[in-house]
Amino acid sequence: MVVQRTLAIIKPDAVKRGLTGEILSRIHAAGFHIVAIRSQRLTQKDAEGFYAVHRDRPFFRDLVEFMTSGKLVVIALEADNAISKWRDTMGATDPAKAAPGTIRKDLGTSIQNNCTHGSDAPQTAAFEISYFFTASDLA
Ligand code: GDP
C-alpha cells in the first residue's frame, strides 16, 4: 500500500443535476481524505490545457465545450492507492459499460457526460493536481 494523491473532478453535468453532495458522500464512504477542494468554472484555455493529451481525438471540441459549460468541483484526494481506488469508485468511462455500484454506472448519462474525472497514473496525477492547486493549498 502506498499513500497517493489523485485529482478528482465533479464535472458540470453532475454539478448541474445537484449531484455534488451525493458524489462527495461516496468519496467519504470510500475512505478518501479531501486534501483540497474548490468550485470553479474553466475557461476554454483551461480546459484545452487540461485535456491537451486528447487534442487529436475526434471528441476533443465537444469535450472542451462540455467542461466549460458550467461550474465544476476540483478535488485533491488522498488515500492508499488513491489513483486506482478513485478510478474503481468512478467506474469505466462509458456508464453503459461501468460496473454496478460505481458513480458512472449509477449517475452518468453518456460516455461524455459521465459525472467525474480521475487521474490515470502517478505522473498524470502530479500534473493535474498542480494544474488546479498550489503547494500551500495542498499543505
Ligand atoms: P477517462 O480517463 O475515463 O475520463 O477517459 P478518457 O481519458 O478516455 O476521456 C476523457 C473524457 O473524455 C471522458 O471522461 C469523457 O468525458 C470524454 N470522452 C471519452 N470518450 C469519448 C467519446 O467517445 N465521445 C465523447 N463525446 N466524449 C468522450
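Ala92 lies in the loop that runs between helix H5 (82-90) and helix H6 (103-107). The model is predicted. Along the chain, Ala92 and Asn113 are 21 residues apart. In space, their C-alpha atoms are 12 Å apart.

Thr102 belongs to the loop between H5 and H6 as well. Thr102 is buried, because its relative accessible area is 7% and the limit for buried is under 20%. Thr102 and Arg87 are 15 residues apart along the chain. Their C-alpha atoms are separated by 9.4 Å.

Where does the ligand sit? The ligand sits in the largest pocket.

Next come the polar atoms. In the side chain of Lys11, an N or O atom is 2.9 Å from an oxygen atom of the ligand. For Thr93, a polar side-chain atom lies 2.6 Å from a ligand oxygen atom. For Arg104, the distance from a polar side-chain atom to an oxygen atom of the ligand is 3.1 Å. On its own, the ligand has 560 Å² of accessible area, and the protein covers 81% of that.

Now turn to the backbone. Most residues other than glycine have a negative phi. Asn81 has a positive phi, near 50°, and is not a glycine. Asn81 lies in the loop between strand E3 (72-80) and H5. Is Asn81 buried, exposed or partly exposed? With 27% relative accessibility, Asn81 counts as partly exposed.

Cys115 has a positive phi too, near 75°, in a residue other than glycine. Cys115 is found in the loop between H6 and strand E4 (116-118). Cys115 is buried, because its relative accessible area is 0% and buried means under 20%.

The last stop is a helix. Ala125 lies in helix H7, which spans residues 122-132. Ala125 is buried, because its relative accessible area is 1%. How far apart are Ala125 and Leu7 in sequence and in space? In sequence, Ala125 and Leu7 are 118 residues apart. From C-alpha to C-alpha, Ala125 and Leu7 are 5.9 Å apart in space.

Note on methods: Residues numbered from 1 in each chain as written. Predicted model: local features only at pLDDT ≥ 70, side-chain atom pairs only at ≥ 80, totals over all residues. Heavy atoms only, no water. Polar contact = N/O pair within 3.5 Å; in protein donor to acceptor, adjacent residues only side chain to side chain. Areas by Shrake-Rupley, 256 points an atom, 1.4 Å probe, with all protein chains shown as cover. 1 Å grid on protein atoms, 1.4 Å probe; cavity = no way out; pocket = protein on both sides within 12 Å on 5 of 7 lines; lining within 4 Å. Sits in = over half its atoms within 2 Å of the grid points. Helix = DSSP H or I, 4+ residues; strand = E, 2+ residues; numbered from the N terminus. Buried < 20%, exposed > 50% of the residue type's maximum accessible area, 1.4 Å probe, protein only.
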